[in-house]
Amino acid sequence: MANYLAMSSEELVEEQQKLRVEYQTYKNMGLNLNMDRGKPCTEQLDLSKEMLKMDNYIGEDGFDARNYGVLEGMPEARRFFAELLNADMEEVIVGGNSSLQLMYYLIDLGWRQGFVDSPRPWRHYNALKFLCPVPGYDRHFRITEYFGFQMINIPMTENGPDMDMVEALVQKDESIKGMWCVPVYSNPDGYCYSAETVRRLARMKTAAPDFKIIWDNAYVVHHLTDEQIEIPALLYECQKAGNPERPLTFCSTSKITYPGAGVAALAASERNIRYILKNMMPMIISFDKMNQLRHVQYLKNKEGVLAHMRKHRAILEPKFNLVKQTFAEQLSPCGDIAHWTDPKGGYFISLYLMEGCAKRTVQLCKDAGVTLTGAGAAYPYGLDPKDSHLRIAPTYPSLQELETASQLLTLCARLATIEVLLK
Ligand code: PLP
């Protein structure tokens with residue numbers, strides 16, 4: 001292998017022919033592998049088996065969790081999530097199994113009714129905009145697209161979104177109603193917001209009086225190293241800065257226990273919580289409190305969660321290492337044709353290829369039996385302006401499958417790069 005960027009066209013064609021032979025060998029293997037969504041593997045799901053044996057459904061204040069009532073969640077569950085979300089228990093609502101559903105509900109609430117600090121419901125504006133740090137979580141973007149927001153790309157850096165750009169935009173445009181954030185081990189780069197970024201988000205002046213930060217702490221305890229990165233609490237920083245109603249913060253146990261049957265929670269100012277509960281009332285009598293109790297009895301508190309997450313790490317760390325090592329062995333010698341992130345937690349690695357190579361790489365992989373997340377998926381409207389980003393999800397496949405899939409992926413990336421260089 002040699003530096004592609006220093007090769008003549010003849011040398012590139014020669015390399016291409018070699019790679020095509022290799023590619024055909026993979027095709028002949030009849031592979032059927034999936035590195036698409038960030039799902040836990042079966043071994044991870046099995047870690048929480050014992051939880052299903054928890055069957056005391058009487059809560060600490062004597063309330064029977066099997067019955068209707070207590071929309072805000074069982075008190076012990078509110079306390080549990082308050083610790084995870086760095087909030088007081090009165091600032092927490094414990095919901096059903098999905099934090100994404102809670103996020104959707106709150107965007108819907110802003111759109112239909114507005115928030116406590118809204119001059120009018122968002123649907124009464126001619127234009128609605130939302131800031132989207134990119135690359136980001138495709139399902140966030142789908143929500144704001146669904147409600148008709150114009151989404152504005154904000155480049156991510158290792159310290160979080162480009163705050164100069166964010167501040168400049170929100171200061172002058174009242175139609176910018178909010179911003180998506182995955183502050184810890186971001187999906188998909190694995191970056192963590194710096195303390196400075198958190199404080200600037202809390203303090204910045206916004207033209208919209210009801211600007212909302214959707215603070216999705218999906219990976220807040222999902223460490224892959226000993227470092228256990230923690231960042232300042234946005235709720236507290238916003239309170240201190242005089243913007244207490246700005247943050248709506250979320251997390252769930254989807255990737256702690258079960259994605260299909262975990263527990264989700266949201267934390268916000270007490271005023272927001274009262275308003276949200278009042279508006280939830282017509283929708284639901286109460287969420288699944290039996291599951292809330294099972295989770296608290298099994299995981300106990302943040303310390304218990306962190307101990308449980310160490311078991312996940314033992315399964316995931318070798319998978320992340322294998323992918324990064326394959327990238328280093330197969331892509332680095334080819335010169336500056338790709339770079340990738342080195343996350344200290346979370347569920348993804350971002351692989352950045354040369355401009356114009358991402359879609360072609362995904363297609364080549366697909367034709368050889370390996371499904372990747374679609375190129376562009378991590379950008380609003382599915383449009384990566386450079387067609388260079390791939391979201392790699394190493395958690396679900398076995399180590400052996402991952403080895404084959406990442407070898408093939410690097411091969412396809414090299415083929416796609418050569419095609420672009422030969423154009
Ligand atoms: N938020 C982020 C950033 C995610 O990556 C995911 C799942 O991949 C979710 C939310 C989904 O969370 P939940 O299962 O709680 O709806």
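1. Let's start with the ligand. The shell around it has 6 nonpolar, 6 polar and 1 charged residues. For the classes, Ala, Val, Leu, Ile, Met, Phe, Trp, Tyr, Cys and Pro count as nonpolar, Asp, Glu, Lys and Arg as charged, and the others, Gly among them, as polar. Of the 13 residues around the ligand, the nearest are Ser98, Ser99, Leu100, Ser252 and Ser254. A residue is near a molecule if its C-beta atom, placed from the backbone, lies within 6 Å of it.

2. Keep in mind that this is a predicted model, where local features need pLDDT of at least 70, side-chain atom pairs count only at pLDDT 80 or more, and totals for chains, interfaces and linings use all residues. Residues are numbered from 1 along each chain as its sequence is written.

3. For the complex, the predictor gives an ipTM of 0.99 and a pTM of 0.97.

4. Now have a look at two prolines. Val134 and Pro135 are joined by a cis peptide bond, with omega about -5°, and Pro135 sits in the loop between strand 3 (129-134) and helix 5 (138-146). Helices (H or I, at least four residues) and strands (E, at least two) are DSSP runs, numbered from the N terminus. Another cis bond runs from Asn187 to Pro188, with omega near 10°. Pro188 is in the loop between strand 6 (176-181) and helix 7 (195-203).

5. Two tyrosines deserve a check too. Tyr185, in the loop between strand 6 and helix 7, has a positive phi near 50° without being a glycine. Is Tyr185 buried or exposed? Tyr185 counts as buried because it has 25 C-beta neighbours inside 10 Å. Tyr381 is not a glycine either, yet its phi is positive, about 60°; this residue is in the loop between strand 12 (370-372) and strand 13 (389-392). Tyr381 counts as exposed, because it has 12 C-beta neighbours inside 10 Å. The cut-offs are 20 or more other C-beta atoms within 10 Å of its own for buried, 12 or fewer for exposed, and partly exposed in between, with C-beta atoms placed from the backbone.

6. Last, a helix pair. Helix 4 (residues 99-112) and helix 5 pack at about 25°, their axes 10 Å apart. Axes are lines fitted to C-alpha atoms, for helices over the stretch in contact, and angles run from 0 to 180 degrees between N-to-C directions. Helix 4 and helix 5 are therefore roughly parallel (angles under 35 degrees).

Note on methods: Parallel < 35°, antiparallel > 145°, perpendicular 65-115°, else oblique.
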